[in-house]
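I set out to record what can be looked up in this structure, entry by entry. Each entry gives the item consulted and the value found.

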Amino acid sequence: EAASAFYAKRRVWREYVCELDGLSDRAFRVGFYLSARMDAKEYCFPSHKAVGKALGISVDKVARAILELEDRCVLIVVRKHRKPNEYSIRLPFDIG
């Protein structure tokens, strides 16, 4: 049941982010990539290098895209020392 609730939340998040005014294409791609790697635990932790390699963009561009998503309040980043950061999606509204 928790898994199906998360997958519904992720679908709504993707639709919201897809139509988010002013969000860069790069940030959308990075956000979509991260959301695709999340499971029912609702988080993932790929390195910037892994994301960049998968999407064909630099580590710096990945970092900027993540900051953009975080600044737009649609991505939660838990920064870890000497470990990959943890990412989870955030909806700025309740989906009931």
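**Entry 1: a residue of helix H4.** I began with Glu68, which is found in helix H4; helices (H or I, at least four residues) and strands (E, at least two) are DSSP runs, numbered from the N terminus. Glu68 counts as partly exposed because its relative accessibility is 22%. For this term, buried means under 20% relative accessible area, exposed over 50%, and partly exposed in between (1.4 Å probe, protein chains only). I then listed its contacts, that is, heavy atoms within 4.5 Å. With neighbours within four places in sequence left aside, Glu68 touches Gly22, Leu23, Ser24 and Ala27. I also looked up Phe28, which stands 40 residues from Glu68 in sequence and 9.5 Å from it in space, C-alpha to C-alpha.

**Entry 2: the basis of the values.** I noted that this is a predicted model, in which local features need pLDDT of at least 70, side-chain atom pairs count only at pLDDT 80 or more, and totals for chains, interfaces and linings use all residues. Residues are numbered from 1 along each chain as its sequence is written, and side-chain values use heavy atoms, with hydrogens and water left out.

**Entry 3: helix H2.** I turned next to H2, which covers residues 25-36 and has 12 residues. From first C-alpha to last, H2 reaches 16 Å, close to the 16 Å expected at 1.5 Å a residue; the expected span is 1.5 Å times one less than the number of residues. Which residues of H2 are buried? I found Ala27, Val30, Gly31, Tyr33, Leu34 and Ser35. These buried residues pack against helices H1 (2-18), H3 (48-55) and H4 (59-71), and against strands E1 (75-78) and E2 (86-89).

**Entry 4: Ser35.** I examined one of the buried residues of H2, Ser35. Its relative accessible area is 0%, and therefore Ser35 is buried. Beyond its neighbours within four places in sequence, Ser35 is in contact with Arg10, Trp13, Arg14 and Ile89.

**Entry 5: positive phi values.** I looked up Glu42, in the loop between H2 and H3. Its phi is near 70°, a positive value in a residue other than glycine. Glu42 counts as partly exposed because its relative accessibility is 29%. Arg82 lies in the loop between E1 and E2, and its phi is near 60°, again positive in a residue other than glycine. Is Arg82 buried or exposed? Arg82 counts as exposed, because its relative accessibility is 78%.

**Entry 6: the whole chain.** The C-alpha atoms fill a box of roughly 35 × 30 × 20 Å along the principal axes. Buried residues make up 33% of the 96 residues. Of the contacts with a separation of 6 or more, 57% join residues 24 or more positions apart.
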